[in-house]
Amino acid sequence: MTQPVSDKWIKCISDQGSIRGVALQATQLVRSVASMHHLTGIHAEVLGEALMGALMVASYCKTGEQVNLNVRGSGYSSQALVDAHPDGAVRGYLLPRSREEAFFGEGGDTGPWGVGTLSVLRTKGKPGTQPYIGTVPLVTGFLAKDLTFYWLQSEQVPSAVGLAVKTEGDEVVAAGGFLIQAMPQASLSEIKAIEQNIKSIESLSEDLARDADPLHLLAQIFQNATFMIVQETPLKFKCHCSQERAERALALSGAAELRDILKNERKASIRCDFCTKEYTISAKDLERLLASSA
Ligand SMILES: [Zn+2]
């Protein structure tokens with residue numbers, strides 16, 4: 001019996017600096033976020049892919065930056081929204097669609113996300129700086145493949161991405177993935193060798209269920225090429241909602257609406273989409289919000 005590996009990403013670079021990669025294991029994280037949102041089966045799987053995809057983008061961002069991944073699709077989810085940070089913190093939710101209502105392209109042959117768009121917004125840490133946004137169409141409906149396309153099209157970096165979530169019954173039993181990128185000085189033979197090693201992975205989800213250690217996944221991908229570990233970061237769910245933010249969101253609906261709630265319901269409830277926490281805004285708070293909006 002092997003010890004369970006805690007959720008983390010491991011970043012590495014080949015000794016020549018020509019190939020870099022990140023591998024992650026996020027089983028507990030995906031399991032807890034799926035259960036928080038009451039998602040099981042294919043819906044837990046696609047949410048897990050989105051969480052890990054955003055974390056992969058965040059792993060190559062600078063401290064203080066934030067990544068917002070927004071996937072709109074016609075498949076098992078109409079939308080997934082995920083915020084991820086370079087310190088390994090992530091939150092996200094997904095709007096599920098039933099199997100009957102899902103659409104998988106004219107030929108019915110796309111991946112679980114169907115057709116739609118994939119947007120990545122990167123916000124810089126410093127206030128006043130322009131965010132960077134890249135949007136690509138979902139070409140295959142498989143998030144891993146479409147992220148590969150995103151990196152090439154939006155950031156001109158040739159990449160290979162693998163994402164896998166395995167569920168058994170209502171439970172997530174394995175979640176992990178990898179992102180491997182070729183730097184400009186990478187030789188064709190180096191790239192070919194890595195590609196070959198990635199192709200030899202028959203089923204990423206089965207491999208992860210057997211051995212979730214990201215280091216072993218990197219070793220399998222790099223094989224004979226020497227690599228150095230540059231960072232190991234634990235992953236965690238973190239939501240930054242608060243009573244104050246809930247009040248601010250409510251105040252946006254305007255004074256007339258606030259007066260209306262005060263007159264009829266006497267209080268308001270706001271639920272955070274990301275962590276499902278409920279906030280109650282009392283009559284007293286509503287009066288205060290009204291006074292400050294005048
Ligand atoms: Zn929240």
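Glutamate 247 is buried, with a relative accessible area of 9%; buried means under 20%, exposed over 50% and partly exposed in between, with a 1.4 Å probe and protein chains only. The model is predicted, so local features need pLDDT of at least 70 and side-chain atom pairs pLDDT 80 or more, whereas totals for chains, interfaces and linings use all residues. Residues are numbered from 1 along each chain as its sequence is written, and side-chain values use heavy atoms, without hydrogens and water.

The side chain of glutamate 247 meets that of arginine 288 in a salt bridge, 3.2 Å from N to O; the term denotes a side-chain nitrogen of Lys or Arg within 4 Å of a carboxyl oxygen of Asp or Glu. Arginine 288 is partly exposed, at 43% relative accessible area.

The structure holds 12 salt bridges. Another one joins lysine 124 and glutamate 65, at 3.3 Å from N to O. Glutamate 65 is buried, at 3%, while lysine 124 is partly exposed, at 31%.

I turn now to the metal. Which residues coordinate the zinc ion? They are Cys239, Cys241, Cys272 and Cys275, each through SG, at 2.2 to 2.3 Å. Donors here are N, O and S atoms within 2.8 Å of the metal (3.2 Å for Na, K and Ca); water is not among the atoms, so sites may look incomplete. Along the chain, the donors follow the spacing C-x1-C-x30-C-x2-C. Cysteine 272 and cysteine 275 are both buried.
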